[in-house]
Amino acid sequence: MSTHASDPLAALGSLPGVADAVDSVRKAVDRVYGHRVMRRRSNEISSEAALRGARGSAALSGADWALEEVRRRTDFGADPEARTVGAALRLGAEAGQLLSIWRQSPLRVLARLHLVAAGDPDDSVGRPRLDGEKVDEPLIEGPMPTPAEVAGRLDGLAELIVAGSGAPALVTSSVVHGELLALRPFTSYNGLVARAAERIALVGSGLDPKAICPAEVGHAEQGRAAYLAAFEGYLSGTPEGVGAWIAHCGRSVELGVRESTAVCEALQRGAA
């Protein structure tokens, strides 16, 4: 993220494949926002997108439940998978409440997201991990940055968000997502928090103001293997790798758009 001194995020727009991904995402988002159902029932679409996004994010974190099971269940404390699904649902509900804070204090938002995900806080919740604290993150197995490195990179990410950027929303949200996965700043639920932060960045940027394009759906649909392969590209730091990660995130947004378009069509038919 240091290829352009004044706006390093914007510089990522010139990476291989990124411009095409940005253009494709914008066209997809414009299409779903233009759907006739959106004019009358956008709140229903937003609610359904939050539910489906939570299901997708939980699936990537090892709790791959059917949508109707997520919709039906009320007890989310019985076992690790249930707790993961409950955490994802709470994050989906909380994300919209944090938009006004995101641009002023992203670190405060991240701390709140972890607190919401954890549910039953102990003294490690809602703050970056300390030396010696273990991280429970079964999906991501890359090198674990030290707490000092985590603190420095979180501060750098926060500075970029607060300063604002001319970068497309897809680029910014992908970097937020990738950095949080790379850092795993908390002792638990880092994947869920990273994907919730990606959603906040997409909504807060104005690309998806009604939160109807759940990228988490697309990440899950492409599968854990593709997700991890793309993330390895981000970790590599090469132009090709980072560009491939951003393109992967773009495809995830497009698949989220497809999901919400299907919900619009079902509502239009009176079938949902």
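Reply: What follows goes through the pocket, the cavities and then some helix contacts.

Reply: This is a predicted model, in which local features need pLDDT of at least 70 and side-chain atom pairs count only at pLDDT 80 or more, while totals for chains, interfaces and linings use all residues. Residues are numbered from 1 along each chain as its sequence is written, and side-chain values use heavy atoms, with hydrogens and water left out.

Me: OK, how much space lies in the largest pocket?

Reply: The largest pocket holds about 440 Å³ of space. On a 1 Å grid over the protein atoms alone, a pocket is an open set of points with protein on both sides within 12 Å along at least five of seven lines, a cavity is a set of points where a 1.4 Å probe fits but cannot get out, and lining residues have an atom within 4 Å of a point. Grid points are joined across faces, edges and corners, and a volume is the space filled by probe spheres set on the points.

Me: And which residues lie nearest its centre?

Reply: Of the 21 residues that line the largest pocket, R83, T84, D136, S188 and Y189 lie nearest its centre. The elements giving two or more residues to that lining are α5 (80–95) and α7 (106–118), and α5 gives the most, with five residues. Helices (H or I, at least four residues) and strands (E, at least two) are DSSP runs, numbered from the N terminus.

Me: At what angle do α5 and α7 pack?

Reply: α5 and α7 pack at about 140°, with their axes 8 Å apart, which makes α5 oblique to α7. Axes are lines fitted to C-alpha atoms, for helices over the stretch in contact, and angles run from 0 to 180 degrees between N-to-C directions; those under 35 degrees count as roughly parallel, over 145 as roughly antiparallel, 65 to 115 as roughly perpendicular and the rest as oblique.

Me: Which residues meet there?

Reply: From α5, A87, R90, L91 and E94 meet R112, L113, V116, A117 and A118 in α7, where contact means heavy atoms within 4.5 Å. Six of the contact residues are nonpolar, none polar and three charged.

Me: Switching to cavities, how many are there of 30 Å³ or more?

Reply: The count comes to two cavities of 30 Å³ or more. The largest has about 90 Å³ of space, and of its 13 lining residues A88, L91, G92, A196 and E216 are the closest to its centre. The elements that give two or more residues to this lining are α3 (38–60), α5 and α10 (190–204).

Me: And what lines the second largest cavity?

Reply: The second largest cavity, with a volume of about 40 Å³, is lined by R199, L202, V203, D208, A211, I212, C213, P214, A215 and E216. Two or more of these residues come from each of α10 and α11 (215–222), and α10 has the largest share, three residues. By class, the lining of the second largest cavity has seven nonpolar, no polar and three charged residues.

Me: How does α11 pack against α13?

Reply: α11 and α13 (residues 239–269) pack at about 110°, with their axes 6 Å apart, which makes α11 roughly perpendicular to α13. Among the residues that meet are A215, V217 and H219 in α11 and H248, C249 and R251 in α13. The contact of α11 with α13 has five nonpolar, six polar and four charged residues.

Me: And at what angle do α3 and α11 pack?

Reply: The angle between α3 and α11 is about 40°, with their axes 7 Å apart, and the two helices are therefore oblique to each other. The contact is made by R52, G53, R55, G56, S57, A59 and L60 of α3 and E216, V217, H219 and A220 of α11.

Key:
Ala, Val, Leu, Ile, Met, Phe, Trp, Tyr, Cys and Pro count as nonpolar, Asp, Glu, Lys and Arg as charged, and the others, Gly among them, as polar.
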